[in-house]
Amino acid sequence: MATVHTASALNKETITLAKIQAITTSLGLKITEADLDDWHSLLASNQDSIDVVESLPDYLPIVDLERFPRQNKCRIEGASKGPLKGMIMVLKDNIAVKDVPMLFGTDMFTDYTPDVDATVVTRLLEAGAIIEGKAVCENLSLCASSFSAATGPIENPYAHGYSCGGSSSGCEHLVGAGKVDGAIGGDQGGSIRFPATHCGAVGMKPTWGLVPWTGMATHEPVHDTTGPMTMDIATNAKILQVIAGRDEIDDRGCGVPAPKDLPDYSAGLGQGVEGLKIGILKEGFDFPIMDPRIREQVLGAAEKFKALGAEIVEVSIPIHLHATDIVTCAMRPSAARNAYLGTACGRRGLYLNSLVDKMLPLNQAKFDKLYSTGKLSLLSGMYIWENHPLLYGKAMNLYRRLQDEYNAALQMVDVLITPTMPYIAPQHAEMKSSPLEQIDKSRGCAVNTVCFNASGHPAMSMPVGMLSAVEDDKVMLPVGMQITGKWFDEAMVYRVGSAWEGAFDWKNEGKSKT
């Protein structure tokens with residue numbers, strides 16, 4: 001790009017030689033003495049462009065507050081007509097709603113109020129939904145347990161003192177307890193599907209990019225995915241129909257159909273599974289951390305598809321066993337820069353600059369308020385950048401291998417089946433627990449979920465049974481089965497799930513409803 005401006009004397013007083021030398025020193029570099037004046041003039045010429053851009057107003061989507069006024073700070077009535085007319089919804093608290101405070105699960109800052117509505121908010125309201133408010137999310141939307149939020153733990157609706165999963169914890173507590181009709185969660189590694197599993201609900205992570213992320217706080221752009229959380233599959237499909245489709249803002253949606261061109265996600269409900277091939281992903285049941293009771297229960301649930309006319313086929317994808325290792329080397333370095341250091345760049349979309357302003361600078365006081373999961377992500381990411389600078393690129397290349405190998409398997413079968421999580425909901429960590437004790441409560445939980453964030457495939461968790469808690473055999477908690485489909489084939493995932501849901505009673509040992 002050609003340089004536009006020539007540096008003035010005033011520019012040079014703002015962009016000083018000392019500032020330039022501080023930059024080169026931080027990079028371990030030097031500019032030769034003979035060239036210092038030239039570089040001072042060249043770099044100071046940026047100041048005019050900086051001044052112009054800083055003087056322009058930010059360019060934000062317009063919010064129709066007259067049509068959709070905020071009531072009592074959070075409640076918003078949707079349109080008088082629409083496919084979601086009267087449906088009571090809540091939003092994960094990483095979703096922007098203009099003039100409604102966003103806590104984001106943290107006390108790093110306590111005074112952030114968004115100046116935009118997320119695309120999903122606008123679409124829900126235009127479809128007639130009632131947004132009852134925001135639901136607590138885990139600390140900076142990064143914890144698979146439900147005790148990290150600065151406001152306190154979120155309880156499992158089936159047992160007080162047990163995790164309801166994170167990071168969309170408040171959403172699924174409200175859905176699982178029957179307090180709302182549905183919720184919109186966010187999923188970077190399983191954060192819709194974990195709570196759905198622990199709370200006996202349905203959670204859909206759609207194909208990457210299908211639902212615009214516009215107006216939601218990012219953690220890692222390649223993983224960011226938002227979707228519906230409900231008690232049944234028909235309602236889930238109905239909500240997805242409303243929120244899906246590109247919005248011409250979020251670049252994750254390049255190649256995604258416009259809302260008017262989407263398939264009918266409810267079309268396959270009631271069609272059954274006769275003649276379909278249900279793939280049992282062998283490696284998804286083989287992790288050492290897998291509770292053998294969950295392995296047995298989910299395999300048993302999958303076998304029931306035979307009675308509905310489907311063929312059961314075992315599928316082997318060995319790289320699946322290494323997916324979490326690959327993700328560790330890509331997601332954490334990217335998240336360190338995108339989520340914590342304010343250095344996100346290289347994407348087209350809506351940047352929540354007012355949120356980043358609250359995050360920065362990341363000083364000791366803010367670091368001390370980061371939860372252990374956030375500190376682990378930040379420090380792990382920066383360690384990888386500093387010591388293995390090529391590893392991120394290699395891991396991202398391996399994301400394509402994951403996608404290709406899942407695609408190859410899905411050419412042979414219609415869907416893939418795994419347990420959603422490898423163990424039953426555990427008890428919360430103690431309030432004064434150490435970082436290691438906090439992390440241990442969700443260690444290994446994403447072995448079957450984060451892989452499909454990396455590959456981009458749609459994956460839905462649904463309840464298929466109950467098992468006793470590890471800590472108390474009198475406490476019964478839900479078990480989730482994950483159904484994964486081809487890119488943009490959410491309709492098939494719903495079709496398969498609804499066939500099982502309609503035929504079997506997950507709360508009654510999976511017995512037939514007839």
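I looked up cysteine 164 and found 0% relative accessibility, so cysteine 164 counts as buried (under 20% relative accessible area with a 1.4 Å probe, protein chains only). Cysteine 199 is likewise buried, at 0%.

I note that the model is predicted, that local features need pLDDT of at least 70 and side-chain atom pairs pLDDT 80 or more, while totals for chains, interfaces and linings use all residues. Residues are numbered from 1 along each chain, and side-chain values use heavy atoms, without hydrogens and water.

I searched the whole structure for disulfides (cysteine sulfur pairs within 2.5 Å) and found 0. For cysteine 164 the nearest cysteine sulfur is that of cysteine 199, 4.4 Å away, which is too far for a bond.

I then turned to the chain. I recorded 17 helices and 14 strands (DSSP runs: H or I of at least four residues, E of at least two, numbered from the N terminus). Of the 514 residues, 55% count as buried. The C-alpha trace spans about 85 × 50 × 45 Å along its principal axes.

I examined helix 10 (residues 323-340) against helix 13 (residues 372-387): they pack at about 110°, with axes 7 Å apart (lines fitted to C-alpha atoms over the stretch in contact; angles run from 0 to 180 degrees between N-to-C directions). That makes helix 10 roughly perpendicular to helix 13 (65 to 115 degrees). The contact (heavy atoms within 4.5 Å) includes Arg332 and Tyr340 of helix 10 and Met382 and Trp385 of helix 13.

How values were computed:
Parallel < 35°, antiparallel > 145°, perpendicular 65-115°, else oblique. Buried < 20%, exposed > 50% of the residue type's maximum accessible area, 1.4 Å probe, protein only.
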